[in-house]
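Work through the two exercises below with the sequence and the structure at hand. Try each task before reading its solution.

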Amino acid sequence: MSKYQFVNPYNFIPLSSGRAAAPAEEKGYTGVIRYSVLTKTPLFIPNTSNSDAFGMQQETADHKSYDFFTYTDLSSQTGTARDAMPVIPGSEMRGMIRSNFEILTNSCMSAVDDEVTLSKRTNEVFQTGLIRRNAAGTFDLYEAEDCLMRTRGKDSLEDDWADDSRHYSRKCYVQNDVREGSHVYFEMERRGYKVKSLAKNVSLTRRPGLRSEGYIIKGEDGPDMGGRKQQKHCCHVFACRQNSRPYRENISLETLEKVLREYKNNKEHPYEEYGSRFAAFRKGQGEEYFPVYYSHISKNGMDCLMLSPACITREIYSTKIKDMIGDHRPCSDKNNLCPACALFGTVKTRGKGDAFSVTSRIRFSDLVCREKSAEMCYDRKVTLPPLSSPKLNNMEFYLQRPAEDAVFWTYDYYINAKGEIFPNRSGISGRKFFWHNPDYKLEQYKPGNQNMTIRPVKAGIVFTGKLYFQNLTKTELDQLIFVLNAGDEAQLHDKNHGYKLGGAKPLGLGSIALSVDEVMLRKIVKNTEARSVERQEIAYQGYAAPEFDAVILENFLKMADFYAAADKKVCYPFTDKRDDEGHRVIFDWFVQNHVRKEINGSYTNKMPNSRMQMAYAEYLEAMEPETKPTGKRNDLAESRMAGGKQSYRTKRTPPAEEKRQESGNAGKEPFVRGKNYQAEITGCNRKNIFLTVEGQKGQIYYRSIREADEGQLDQLFYRGQKITVRYDRSSEYQGRTSYSFRWVK
């Protein structure tokens with residue numbers, strides 16, 4: 001556990017074994033569900049008709065700002081549409097409800113993108129090689145010798161071997177007149193064991209005295225390594241080894257193509273010249289050989305060959321997401337659909353089998369706001385911190401820990417505490433969700449090209465909408481009602497459970513409560529006298545709580561609980577590092593979480609020299625709010641003290657003591673959840689009412705009281721006041737048990 005206690009904003013509901021099938025029952029239920037939505041925290045869904053809604057690009061170029069979604073077209077105007085009522089698009093509700101329906105019914109993971117390339121940057125130093133193109137169109141890999149080419153600098157092939165460190169500041173790899181992969185001749189000067197040879201008098205043509213030959217690989221400017229000697233400055237020549245046999249015959253070049261695509265998407269190091277020359281080489285143009293870096297894992301049943309244009313690079317993994325989700329991959333058989341695809345519909349256009357489509361049997365209307373005026377609906381404008389797309393390379397969060405002794409793992413392999421490598425056959429952590437954050441706090445950030453400014457809808461705003469359904473089974477209708485209620489049958493303002501909707505979920509936005517207002521069945525009645533057909537609506541009276549997998553239901557209700565993390569800090573992992581404005585650097589934690597495993601098994605802050613030395617200090621386990629250590633706790637503490645840096649680790653309660661505490665509290669829950677009790681108020685602060693209930697101390701959180709805003713509790717309640725409360729839950733914090741209640745009017 002980190003010194004700064006936090007709950008990562010997202011977590012995962014584990015997949016159960018096997019995928020459920022759609023209910024094989026008689027259909028025929030058609031009608032409409034009318035329901036309401038209450039914003040528990042500010043909600044934001046953008047009106048994308050204008051990405052400069054507040055005119056901020058005049059001062060900050062490329063900074064985007066959005067107003068909340070309305071039916072107003074903002075493309076021709078700048079400013080807020082204050083007279084327009086906010087609208088929640090039905091498509092937003094449909095996507096959210098389907099995701100939760102898939103969780104509860106153990107359906108397939110319909111949104112999985114199996115085309116995504118899974119990769120991660122590691123500290124493994126790749127070996128030097130040459131790809132040979134054969135006459136038959138196949139490719140072989142040969143080992144090569146890496147020779148350093150140091151010249152007077154940019155666009156110069158003239159040698160300059162100064163004894164001082166001047167050459168460290170020269171960019172010898174910038175050679176615009178020499179293309180990547182060029183065949184060159186040179187004089188090789190060997191410098192001893194484990195020291196790279198020098199390539200002298202490099203020439204594009206054969207000349208007397210140049211007995212060695214090889215191929216140019218220039219690469220690109222690397223990241224700041226904190227010193228001149230560590231910075232990239234050399235050009236390289238990969239020398240052919242005479243009479244050598246292929247290291248690997250008939251190799252696939254797919255991993256090289258994928259890593260080049262990844263680098264191209266990362267505009268900082270696109271490897272454009274290397275990529276274009278490689279493409280020409282594949283087509284039979286250019287030289288017979290082409291330079292490459294490679295890494296081959298061939299232990300414990302693994303046979304994995306990785307190729308790259310750089311020696312320290314991104315590893316491209318052969319495992320795909322569909323390989324890790326088993327039966328939960330998207331439905332591919334029209335006659336064997338999961339409950340969600342059978343109800344919401346699906347389309348299959350690629351992969352094995354024939355293409356098909358299944359029509360949805362439900363339709364969501366847009367949700368309209370029930371407030372009297374637009375001015376009552378909107379919150380203040382806020383400039384958010386930079387938010388990015390999901391980082392699937394954070395595998396200490398997205399993947400299950402493969403084994404108890406695993407200290408580092410990727411999609412293809414894992415490394416244990418002994419430094420041994422094994423194939424990773426574990427799965428993903430599960431279905432992703434975001435915790436509710438009742439203690440959210442939005443900080444104002446400086447506008448830039450990496451963040452945006454928004455105007456959300458305030459907390460406490462009510463919307464209403466309709467869900468039309470056609471030809472459902474009774475099980476499907478009951479499941480749909482249960483999901484729309486988030487498994488909570490209380491009144492809308494008394495709900496303890498709900499979902500996350502819209503943008504900026506990691507920051508606490510988007511918590512909503514839902515409540516089914518009525519379910520009406522449509523029946524067609526023939527009027528023989530009038531010779532007409534009449535449509536009638538009849539209230540649905542047959543609802544019965546559907547049965548779900550017990551473990552899935554338990555995890556679902558924990559995920560949907562508004563107050564599951566009320567006493568914890570829900571935020572992305574952070575350290576002491578701050579930016580120029582004093583804000584914490586959000587993703588620095590992930591950098592520091594990569595530590596080096598030494599021979600004695602301890603962890604240090606030193607840079608790992610290979611994948612075998614890499615380790616995660618901590619990892620995330622599904623449904624567990626806080627991270628867990630991969631190694632010994634004292635080793636983790638030492639790793640953060642290396643180099644005189646202050647550790648942000650803290651000692652945790654020893655396991656034996658934890659067990660004693662758990663056993664001491666087991667079976668001693670003093671209250672029954674949902675039962676009313678008489679309480680006496682002992683005090684208030686800005687956010688809590690403190691109580692005495694049957695001799696036990698308790699509290700009420702202000703957000704559970706509709707009439708109270710933060711800081712207003714003392715205006716509604718007073719010390720010594722007797723009130724009725726309903727018991728909600730207990731929670732453990734620093735060895736103390738806290739009992740939470742809700743006020744009953």
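Predicted model: local features only at pLDDT ≥ 70, side-chain atom pairs only at ≥ 80, totals over all residues.

**Exercise 1. Find which residues of helix H3 are buried, and explain why they lie on the same side of H3.**

Solution. 
1. Locate helix H3, which spans residues 272-282.
2. Apply the cut-off: a residue is buried if its relative accessible area is under 20%.
3. The buried residues of H3 are Tyr274, Arg277, Phe278, Ala280 and Phe281.
4. Because these residues cover an arc of only 160° around the axis, they are on the same side of H3.
5. Next, look at what this side meets. The buried residues of H3 pack against several strands, namely S6 (127-133), S7 (139-143), S11 (212-217), S13 (289-297) and S14 (304-308), and also against helix H2 (254-265).
6. Gly284 follows H3 and has a positive phi, near 95°.

**Exercise 2. Determine which strands pair with strand S9, and in what order the strands close into a barrel.**

Solution. 
1. Begin with strand S9, residues 183-189.
2. S9 pairs with S11 over 4 bridges, in the antiparallel sense. Within this pairing, Tyr185 has Glu213 of S11 as its bridge partner.
3. S9 is also joined to strand S10 (residues 197-203) by 4 bridges, and these two strands run antiparallel. Here Glu189 has Leu198 of S10 as its bridge partner.

Terms used
Residues numbered from 1 in each chain as written. Heavy atoms only, no water. Buried < 20%, exposed > 50% of the residue type's maximum accessible area, 1.4 Å probe, protein only. Arc of directions from axis to C-beta. Contact = heavy atoms within 4.5 Å. Pairing = 2+ DSSP bridges.
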